[in-house]
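Please look at the sequence and the structure shown here before reading on. The report below describes a sheet and then the nonpolar cores.

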Amino acid sequence: MAIFQKAYCNYSGELSSIYARPLVIFRYSLDSILSSRLFLSFMLVCLLPSFAVMCVIYLHYNFDTLMQLEIPLNELVVIDADFFATYMLRPQLFFVFALIMFIGPKLISPDFRNSALSLYLSRPITKTSYVVGKLLVLVSLSSLISWIPSTLLILFQASMVDGPWLSQNSHLIFAVISTSLIWILSLSMMSLAISACVKWAPVAGLFFFGIVFVGSGFGALVNELFGTWHGKLFSLFESLAVVVQATFRLDGFSVVSFGASLSVFALVFTLSTLILYRRIRGLEVVS
Amino acid sequence: MDVTTKQVEKEKIKESHVLTDKSHQYRSDDSQQLAVADETDSTAREKQTSVSRSSNKESPVIELDNLSVSFGKPVLNQLSAKVDGRCIGLLGPNGAGKTTLLNTLLGFTRPSGGTARIFGYDVFKQKNKVHGVIGYMPERDSFISGMTGIRFVRLMAELSGLNPRDALERAHEVYFYVGLGEARYRTLDSYSLGMKQLAKLAQAIVHGPKLLFLDEPTNGLDPPARARMLNLIREIRDSGKTRIIIASHLLQDVESCCDEVLVLKKGKIATYCNLDEERQNNRKFLLLQVRGDEDNFVNGLREWGCEVARPSRRHIKVVLPEDISIRHLYALAQELSVQIRQLDHKSDSLEDVFFRAMDSE
C-alpha cells in the first residue's frame with residue numbers, strides 16, 4: 001500500500017532491550033559529530049604523534065633504512081617506559097583534552113537549548129542512560145586517539161624485539177590504559193557537566209578550557225601566596241603527570257602523592273556526576 | 001438500512017482494507033464508504049464504545065490516590081480520581097495545577113504524597129514501564145537541532161525500543177500521516193510553527209503509544225492547521241488503540257475531541273465528568289432574540305408555565321413545558337406585536353460546565 005494511504009496504527013513488533021537504549025543516543029550523537037569534515041581532519045592530526053612513534057620504533061629495528069637515511073643509531077631515543085610516556089602518551093592526552101573541549105559541549109547544550117530533554121526522558125530511558133549515551137561518544141573517540149593506538153604501538157615494539165621484552169614491560173599496557181581512562185572519564189564528565197549548565201556550546205567550551213587552565217593558574221597562585229604545595233591539587237595537568245609517573249614507574253619525585261592525584265580525578269568525576277544528576281531533568285525548573 | 005446491517009457492512013469494508021505483515025497492521029482510510037458509514041451510524045459507534053468501556057477489565061488509564069505535589073507550597077492537593085475515557089480533557093485556569101499534574105504523570109515531578117498510576121503502573125516507581133506505553137507532545141518547542149524531521153522521529157522511535165529498520169519505516173508513515181511527508185528531509189530548524197507542532201505529534205505517536213499526552217496541541221496554529229490537528233486527534237481517538245489526555249485552555253478544542261473532562265481548580269479536582277452524559281442531563285432550552293415589548297412577552301410565557309431567564313437585553317432563554325410548542329410562541333409574539341428575530345435550540349456547553357465548576361466551592 002502506498003505510504004500516504006496508511007492510517008494511524010499501533011506498533012506490535014519486538015522492542016529492543018532497555019539496556020541498549022544508550023547505544024541509540026551514542027549512535028545518533030556520534031553520527032552528527034562525524035558528519036563534520038573539520039572534526040575528521042582534527043582526528044587525523046590527533047593520530048600524528050602515534051604515527052611518529054611508530055616510525056621511530058620501526059627505524060630502531062631497521063638498520064638498512066637508518067643507513068639509507070644516514071641517521072646514526074645513537075641519535076635515536078631509547079625505547080623504554082619514559083619514551084612511551086613522554087613521546088606517545090602525553091601528546092595523545094593533550095589531544096584528548098582538545099577533542100573533549102571541541103565536542104563535549106556540543107553533546108548536551110543543544111538539548112537544553114531546544115528543550116529536548118523532555119522528549120528523551122518521556123521515553124523509556126533514564127537520566128543515566130542519557131548521560132552514558134553521550135559519555136560513550138567522548139570515551140570512544142578519545143580512546144581512538146589515545147590508549148588504543150598506544151597499546152598497539154607497545155605490541156608493535158614487542159613484536160620487533162627478540163626476547164621477553166613484553167613480559168618485562170607488561171605494566172606499560174596497564175599504565176597506558178588506566179592513565180588514559182582516568183583522564184578521559186574525568187574530563188568527559190566535566191565537559192558534560194559544564195554543557196548541562198551552559199546552554200550555548202561555544203561558551204561551554206570556553207568554560208571548560210578556563211576551568212582546566214585557570215585551575216592550574218589558581219593553584220600556582222595559592223602556592224606562591226601561602227608557600228605551600230597544595231595548590232598543585234587544583235591543576236589537573238599536574239595530577240596527570242603524577243599518575244603517569246606512578247603507573248609508568250618513572251624516576252623522579254613529586255610533592256603530590258599518587259593517592260592525592262587519584263583523589264583529584266575522583267572528585268572531579270563525582271562532582272560532575274552530581275551536577276549532571278541535578279541538571280538532567282524532563283522539565284526546566286525556574287526558580 | 002438498520003443499524004445492525006450497517007455495522008456488518010462496515011466490518012466487511014474494514015476487513016477488505018486490513019493488511020497484515022509481521023509487525024504492523026494497517027487500515028486503509030481511502031474508503032469513502034467507510035467514512036459515510038462512520039458518519040451515519042454514530043449511534044452504533046457510541047453503543048460499541050460504551051460496551052467496550054464497560055467490558056474493559058484493564059486498570060484505569062489514570063488512577064490518582066491522594067496525589068499531592070508541593071514546591072514549598074502545595075500545588076496539587078490530595079487528588080483522587082479514576083480516569084478511564086478515550087479522550088480526556090484537562091482543564092483549569094492558570095495556576096490550577098494542570099502542567100504539574102501532567103509533569104507528575106510523566107514522572108518529571110516527584111509527588112510529595114499519595115500515588116498516581118497509569119494503566120496500573122506507578123508513575124514514579126515504574127517509570128520505565130509508564131514511559132513505554134505513553135507518547136508525549138510538549139507545549140514548548142522541543143526538538144533536536146540540526147536534524148531532519150525524519151531522522152528526529154526515527155531517533156524517537158528507536159528510543160522507544162523499535163529496531164532501526166522498523167523505526168525508519170514508521171517514521172516515514174507517521175510523517176505522511178500527519179501531513180508533513182513532503183517536508184521530511186528538511187531540518188527541523190527550518191519548520192514553521194504549525195509544522196513543528198505536527199512534527200511533535202509525529203514523534204509522540206511514532207511508537208503507537210497506549211496513552212498520548214498532548215499539551216496545548218493547537219497552540220499558535222492558524223485555523224486550517226488547527227482544524228487539521230483536531231481531525232488527527234479525533235482520528236487517533238476513533239482508532240480505539242490510543243487513549244488521549246489533552247491539556248488545553250481552548251474549551252472549543254477540548255469539546256470537539258474529548259469525551260471526558262477533568263477540571264482542576266486551585267490544585268483540586270473541581271469536576272470530572274463525561275461530556276455526553278453531561279449534555280444528556282442538561283435540559284435543552286430555546287434562546288430567543290426578540291424586539292418589541294419584551295416584558296409583556298416574558299410575562300405571557302411565564303403565565304403559560306415556561307421557565308424564562310434573560311441573560312442579556314433582547315435575549316430570552318426559555319424552557320418550554322411539554323404542552324407548549326414553538327408555534328404557540330409565534331402566536332403569542334404576534335398577539336403582543338413582538339418580533340422574534342432569532343430562535344435557537346441550545347443546551348449547556350463545555351463552557352457552562354467549566355464556569356459552573358469554577359463557581360462551585
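## The sheet of chain B

In chain B, 4 strands form an open sheet in the order S14-S15-S13-S16, and the pairing is antiparallel; strands are DSSP runs (E, at least two residues) numbered from the N terminus, and two of them pair if DSSP finds at least two bridges between them. Strand S14 (307–312) and strand S16 (339–346) of chain B stand at the edges with a single partner strand each, so one side of each is left without a neighbour in the sheet. From one strand to the next, the twist averages 25°, where axes are lines fitted to C-alpha atoms, for helices over the stretch in contact, and angles run from 0 to 180 degrees between N-to-C directions.

This is a predicted model, in which local features need pLDDT of at least 70 and side-chain atom pairs count only at pLDDT 80 or more, while totals for chains, interfaces and linings use all residues. Residues are numbered from 1 along each chain as its sequence is written, and chains are lettered from A and ligands numbered from 1 in the order in which they are written.

S14(B) is joined by 4 bridges to strand S15 (residues 315–319) of chain B, and the two run antiparallel; B:Ala309 has B:Lys317 in S15(B) as its bridge partner.

## Nonpolar cores

The largest nonpolar core has 145 residues, and those with the most contacts inside it are A:Val96, B:Val153, B:Ala202 and B:Ile246. Such a core is a set of buried Ala, Val, Leu, Ile, Met, Phe, Trp, Tyr and Cys residues joined through C-beta atoms within 7 Å, buried meaning 20 or more other C-beta atoms within 10 Å of a residue's own.

Methods
Buried ≥ 20, exposed ≤ 12 C-beta atoms within 10 Å, placed from the backbone.
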